[in-house]
Amino acid sequence: MYLNESVFSLVLTLHSLELPETNIYPALIFGVVTYLFILLCNLTIIITICLNRNLHKPMYILLLNLPINDAMGATSLFPQLLYSIWSQDRSISYSACLLQGFFVHLNGGASYLILTAMAYDRFIAICCPLRYGAIMTTNNLVKIITGLWLFNFAAIIVVFCLLIPYRICQTHMTDLVCYKTALMKLLCDGTEVNNIYGLCCIIFYHGLSLSVVAFTYIHILITCVSNKQSDAKIKALQTCGTHLVVFLFLEFNTLFPLLAHRSESVPAHLRRVFSISNFIFPPLVNPLVYGFKTKEIRQKILTCFKNKISSV
């Protein structure tokens, strides 16, 4: 093991954006508009849930964590990316790269844990409705939310603490974002422990979420099929369908880059495109799906919008 005394003073170079000079300003404008739209959509959901007491229910309190996490994920990428487009400077300090990587992975891990907790909430609400109030109490809800964030924070911080003690042999990054896999390629040695821990994290996050979602949705489907009340059945399927769409979208956006990074047969430009797709599409799609597909949230947003128009 080699300890690099001046590791935090190192300046790394992220992979070039390869933008022609004529496309710099259009790309900058597009990036700024996309980032602002992401913040607008997610902040709308956050404010709507926070300001309406009717939405202060376990389902919506759990949902509140999703736009907060999506806004954090987008913010971990866009400011640095937009600065790079404007300045055409792809350099970043090692400490800043570690910080970006930490929030990038924190965002990814939290997405899985939040959606897993939401699947459990829907399972209790639909399959055990009489016990829902006793199980999803305020105290238990606080424990679930606090527990998932603390666990995720601890798991991700260990990922980056394992990188710090080792010597760096190169400063050119092969990716557009400071992913752990890209940072590991800079190390001279010590990748075995990092690989093992990283693989354990992937298995845990994906295994836990897939297992819980599969278990809960099978039971929800059985309950809905046996339920003779058509209105309740349709409402349950709509709520769960929204959650399932978001979850499957996250799985596709996460698994492909993970597999692509470990396969040399996947074109490099395709790997880089998918490496930033996680910070664009889920933060855009999630609030739109929940905002327009969830009746209660949609009604509150439309009511607020109508009130603003009438007061002008």
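Q: What makes a contact between two side chains a salt bridge?
A: A salt bridge is a side-chain nitrogen of Lys or Arg within 4 Å of a carboxyl oxygen of Asp or Glu. By this rule, the chain has one salt bridge. This is a predicted model, where local features need pLDDT of at least 70 and side-chain atom pairs count only at pLDDT 80 or more, while totals for chains, interfaces and linings use all residues. Residues are numbered from 1 along each chain as its sequence is written, and side-chain values use heavy atoms, with hydrogens and water left out.

Q: Why is the link of Asp121 and Arg122 called a salt bridge?
A: The limit is 4 Å. The N to O distance of Asp121 and Arg122 is 2.9 Å. The pair is therefore a salt bridge. Both Asp121 and Arg122 are buried (under 20% relative accessible area; exposed is over 50%, partly exposed in between; 1.4 Å probe, protein chains only).

Q: What makes Cys97 and Cys178 a disulfide?
A: A disulfide is a pair of cysteine sulfur atoms within 2.5 Å. The sulfur atoms of Cys97 and Cys178 are 1.9 Å apart, so the pair counts as a disulfide. Cys97 lies in helix H3 and Cys178 in the loop between H5 and H6, so the pair ties together parts 81 residues apart in sequence. Helices here are DSSP runs of H or I, at least four residues, and strands are runs of E, at least two, numbered from the N terminus.

Q: How do you know whether Cys97 and Cys178 are buried or exposed?
A: Cys97 has 0% relative accessibility, so Cys97 counts as buried. Cys178 also has a relative accessible area of 0%, and is therefore buried.

Q: How do you know how many disulfides there are?
A: By the sulfur rule the count comes to two. Cys169 and Cys188 form a disulfide, with sulfur atoms 1.5 Å apart. Their link has 115° about the S-S bond and is right-handed. Cys188 has a relative accessible area of 27%, so Cys188 is partly exposed.

Q: How do you know that the span of helix H5 agrees with its number of residues?
A: The expected span is 1.5 Å times one less than the number of residues. For the 24 residues of H5 (residues 138-161), this should be 34 Å. The end C-alpha atoms are 34 Å apart, so the two agree. Buried residues of H5 include Leu141, Ile145 and Leu148.

Q: What makes a set of residues a nonpolar core?
A: The members are buried Ala, Val, Leu, Ile, Met, Phe, Trp, Tyr and Cys residues, joined through side-chain atoms within 4.5 Å. The largest such core has 62 residues, and Met173 and Leu183 touch the most other members. Its largest share, 16 residues, comes from helix H3 (residues 94-127). Apart from it lies another core of 20 residues, among them Tyr35 and Leu39.
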